[in-house]
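I opened my notebook today to look up pockets and charged pairs. Here is what I wrote down, entry by entry.

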Amino acid sequence: MSTTTPTARIFSSDNTAGASPEIVEAVTRAASGQALPYGADDGTAAVRRRMSEIFERDVDVLLVSTGSAANALSLAALTPPWGSVLCHRDSHINNDECGAPEFYTAGAKLVPLGGDDAKIDPAELRAAARHKAGDVHGVEPSVVSVTQATETGAVYTLDELRTLGSISEEAGLRLHMDGARFAGAVASLGRTPAELTWRAGVDLLSFGATKNGTMTADAIVVFDRTRTAELAFRAKRAGQLTSKMRFQAAQLDAYLSGDLWLRNAAHANAMAARLLEGLKAIPGVVPLGAADANILFCHLPQQVIEGLLADGYVFYHDRWAPGVVRFVTSFATTPQDVDDLVRAVGRHAA
C-alpha cells in the first residue's frame, strides 16, 4: 500500500523532491570500477577544482551528508567552547538542528538577533558583537552566521552582506554562511558566488545541494584555509568522512557541471514567483514578507486551509501564527503544479 502523496500536491519543502536525472546517472557511473576511499578519489579532487573555478580562488572542500553537519562542523571550527554564535532568531541553526551547533562546539552559545525577513539587523549585530567582549563572566562573541537565502525566502543583497561582513571584521568575528539554498540566492541576485561569499567576508560556507537536486551530498567550502586541517579531523570524528566518498563527489560534480545547480535554482525561484502572482489575484490571500527565492509565506482564510488539506495538499500551516502558511517550490515543481494549486485556493476562497 502506497503512503506517498502525489508530487504535484506537495509544497511543504524542497526536501520532498527527488534527484536530477544527471545526478542519478553520475551515481550509476560511479558504481562501476574501483576508486580510492575517504576522499582520495579523482572525483573528489574534481569537485575541489570546480568549486575553485566557481568561487574564483583556491578553496578547500569537505563533502558531508547533511546541511546540519556542514553548519555544526563549520561553527565548531570557528568558535571556542566559551564563544558565542550571533545568528538570526529564525535561523535554522537556532530552531531546527536539535542543538547540533552547541554539541559540536562543545558548548558555545547561540545568541539570536532580530531583523526583518529573517535577516540580521546591522544595529543589533553591532551591539551584540561588543556585548561582554573580553569579560570572562560572559561568552565571548566569536562568529556571525547568516542564512542565504533566509528561512522566509528572502535573500541578503550584496550591500547587506558587505555591511554585516564589515561589522564582523571590525569586531574581530568570523563569518559563516548557511547556504542551504545558496544556489537560489545566486540565481535570484544575479551576482557571482565569489561576490556573495569570500569577497563579502565569509570564511566558511555550508554549500547546500540536497534541496536542489542531489541525493545525499552537501559540502563545506573553506575560504579561510587555515581551518581546513581542523575541519578534516572534526569531520572524521563526527562520522562525516565517508569511505566511498566517490558517490557524494559524483553527485556534486554533476550538480556543478553545466550550471545545473543554477538552472535548478532558477526554476524553483520562477515557480515561487508564478505562485505568488497567482495568489495575489485571489481575494482574502495576503502574501507575507519577501519571496526572493523558492519560499512563499502568506495568510489564508481558515476555510481555504481546510479545503486544501482535504484535497490532499501538503504544506506547513499554523506553525507561525493562525492562518499563516508556507509554500515551497523546487526544481521538480512544474507550472501545472503551481497553476493547479492557485485554482484550488481560488475555489476554496470563493
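**Getting started.** I am working with a predicted model, where local features need pLDDT of at least 70, side-chain atom pairs count only at pLDDT 80 or more, and totals for chains, interfaces and linings use all residues. I number residues from 1 along each chain as its sequence is written, and my side-chain values use heavy atoms, with hydrogens and water left out.

**Second largest pocket.** I began with helix α3 (residues 67-78), which gives the largest share of the lining of the second largest pocket, 3 residues. Helices here are DSSP runs (H or I, at least four residues) and strands are too (E, at least two), numbered from the N terminus. A pocket is an open set of points on a 1 Å grid over the protein atoms alone, where a 1.4 Å probe fits, with protein on both sides within 12 Å along at least five of seven lines; lining residues have an atom within 4 Å of a point. I noted 16 lining residues, with Gly 67, Ser 68, His 92, Lys 211 and Asp 218 nearest the centre. By class I counted 2 nonpolar, 9 polar and 5 charged residues. Asp, Glu, Lys and Arg count as charged, Ala, Val, Leu, Ile, Met, Phe, Trp, Tyr, Cys and Pro as nonpolar, and the others, Gly among them, as polar.

**Largest pocket.** I found about 470 Å³ of space here; a volume is the space filled by probe spheres set on the grid points, which are joined across faces, edges and corners. Of its 19 lining residues, Asp 96, Glu 151, Phe 297, Trp 320 and Arg 326 are the closest to the centre.

**Salt bridges.** How many does a search of the whole structure find? I got 15 salt bridges, each a side-chain nitrogen of Lys or Arg within 4 Å of a carboxyl oxygen of Asp or Glu. One of them joins Arg 181 and Asp 14 at 2.9 Å, N to O. This pair links distant parts of the chain, 167 residues apart. Both Arg 181 and Asp 14 are buried (buried is under 20% relative accessible area, exposed over 50%, partly exposed in between, with a 1.4 Å probe and protein chains only).

**Helix α13.** I saw Arg 343 and Asp 340 meet in a salt bridge at 2.5 Å, N to O. Both lie in helix α13, 3 residues apart, about one turn of the helix. Arg 343 has 48% relative accessibility, so I marked Arg 343 as partly exposed.

**Last note.** I also found Arg 174, Asp 203, Asp 224 and Arg 227 linked in a network of salt bridges.
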